[in-house]
Amino acid sequence: MKIISKIASAAIIAALILGVSSCSDDDDGNIIIPTGNIVVTATADAELSLLVTALGAADGDLVSVLGGTGPFTVLAPTNIAIEAYLAANNYADIAAVPADELEQLLLNHVIPGEVTSTMLTTNGAGYTQTSSTAGPDENTISMYYNTSNGVVFNGVATVSTPDIAASNGIIHKIDAVIGLPDVTTFATADPNFSRLVEGLTAHSFDYVDTLQGDGPFTVFAPNNAAFDALLATDDTWNVPGDIQEQTLQTALNLHVIPNSNAREADLVDGAVSTLGGEITVDATAKTVSDGSNPAITAAIIATDIQATNGVIHAIDNVLLFPILTPGR
């Protein structure tokens, strides 16, 4: 574990500031002081002092990275947010966080490119990629944002001060540290999966604990419309928990491939084994289907939502029965 002293970190940051804060004259003889880069801008903000300390303490020379060309969008936890994170995870201070873990945690707050709050609110909600490579096979981690009630990331951090300009990108201050996500993080953060969450937590199921495990898992996640269509087939079903336990358990199992982080490019045509038996993938048509009679086919409508322990593909139908292979 690498530990950098506060003095060493300060020296690195001070050198970086001196290297980028020189002045120049415009044609009218007025002095122009260019906006500092992201590290310089954060260093000048008293609310972000712990973030600057963390950048110096992490592996990966993040001070130099975020002082580079960019552009970057940095979701910057305030001091209060970082203090709350340290306390919640029983760290005495930033130096107590393993430097390699700190690197990936901080990179999960960095979005390549410049993303303004206007761009986010115009889109409304959706997924983007962070710079963290904490996914299986070093795949970059996804981030969910929703602007229906402020700008919120992964359901846990709200932008408190948006659009702080820097020479190599933009900073949005946020009120919480965004932890590295597992596949359940996106299920709970994205309201399009609220019915799925109801199903995962119904009866005596322990799916949440399972899907927070090491994995990896490939999850074909039915959206709310998919579950609503299923519920409409039986007058006694109003919520997923109304579905008979064995039927619901079998259905949920069919949507999870264990020991797999199959991104869209990895999907191939043919049968694949899930926790509940086999289903069929048509990678060309971007569909999955089950062994119902007639078969239920679901379109893959969103792909490659990457977590640390697996990947999610959203689908528009609920699979119910495994494919029964003759001779097995």
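Trainee: Leaving aside its neighbours within four places in sequence, which residues is Ile312 in contact with?

Mentor: This is a predicted model, so read every contact as a model contact. Ile312 touches Val183, Phe186, Phe193, Val219, Ala221, Thr303, Asp304 and Ile305.

Trainee: Which residues touch the most other members of the largest nonpolar core?

Mentor: The general idea comes first. In soluble globular proteins, nonpolar side chains tend to be buried together. Here the largest nonpolar core has 44 residues. Phe220, Leu252, Val288 and Ile312 touch the most other members. There is also a second, separate core of 29 residues. Among its members are Ala58, Leu86, Leu102 and Ala166.

Trainee: Phe186 was on the contact list of Ile312. Is Phe186 buried or exposed?

Mentor: Phe186 is buried, because its relative accessible area is 0%, below the 20% cut-off.

Trainee: Now the rings. How many aromatic pairs does the structure hold?

Mentor: A pair of aromatic rings is described by the distance of the centres and the angle of the planes. This structure holds three such pairs. Take Tyr127 and Phe186. Their ring centres lie 5.8 Å apart and their planes meet at 70°, so this pair is edge-to-face.

Trainee: Where in the chain do Tyr127 and Phe186 sit?

Mentor: Tyr127 is in strand β5, residues 125-129. Phe186 is in helix α8, residues 183-189. They are 59 residues apart, and the pair links distant parts of the chain. Tyr127 has 29% relative accessibility and counts as partly exposed, whereas Phe186 is buried.

Trainee: Which residues do ring pairs link into a cluster?

Mentor: Tyr127, Tyr144 and Phe186.

Trainee: What is the geometry of the Phe205 and Tyr207 rings?

Mentor: Their centres are 5.3 Å apart. Their planes stand at 75°, so Phe205 and Tyr207 form an edge-to-face pair. Phe205 and Tyr207 are both buried.

Trainee: On to charge. How many salt bridges does the structure hold?

Mentor: Side chains of opposite charge can pair when their charged atoms come close. The model holds six salt bridges. Start with Arg195 and Glu198. Their closest N and O atoms are 3.0 Å apart.

Trainee: How are Arg195 and Glu198 placed in helix α9?

Mentor: Helix α9 spans residues 194-200. Arg195 and Glu198 are three residues apart in this helix, so about one helical turn separates them. Arg195 is buried at 18% relative accessible area. Glu198 is partly exposed at 32%.

Trainee: Which parts of the chain does the pair of Asp304 and Arg263 link?

Mentor: Asp304 lies in strand β15, residues 297-307. Arg263 lies in the loop between β11 and β12. These two are 41 residues apart. Their salt bridge has an N to O distance of 3.7 Å. Asp304 and Arg263 are both buried. Asp304 is also one of the contacts of Ile312.

Trainee: Where do Glu264 and Lys286 sit?

Mentor: Glu264 is in the loop between β11 and β12. Lys286 is in the loop between β13 and β14. The two are 22 residues apart, and their side chains meet in a salt bridge at 3.4 Å, N to O. Glu264 is partly exposed, with 32% relative accessible area. Lys286 is partly exposed as well, at 33%.

Trainee: Which residues are linked in a network of salt bridges?

Mentor: Asp45, Glu47 and Lys173.

How values were computed. Residues are numbered from 1 along each chain as its sequence is written. This is a predicted model: local features need pLDDT of at least 70, side-chain atom pairs count only at pLDDT 80 or more; totals for chains, interfaces and linings use all residues. Side-chain values use heavy atoms; hydrogens and water are left out. Rings of Phe, Tyr and Trp (its six-membered ring) pair if their centres lie within 6.5 Å; planes under 30 degrees apart count as stacked, over 60 as edge-to-face and the rest as tilted. Helices (H or I, at least four residues) and strands (E, at least two) are DSSP runs, numbered from the N terminus. Buried means under 20% relative accessible area, exposed over 50%, partly exposed in between (1.4 Å probe, protein chains only). A salt bridge is a side-chain nitrogen of Lys or Arg within 4 Å of a carboxyl oxygen of Asp or Glu. A nonpolar core is a set of buried Ala, Val, Leu, Ile, Met, Phe, Trp, Tyr and Cys residues joined through side-chain atoms within 4.5 Å. Contact means heavy atoms within 4.5 Å.
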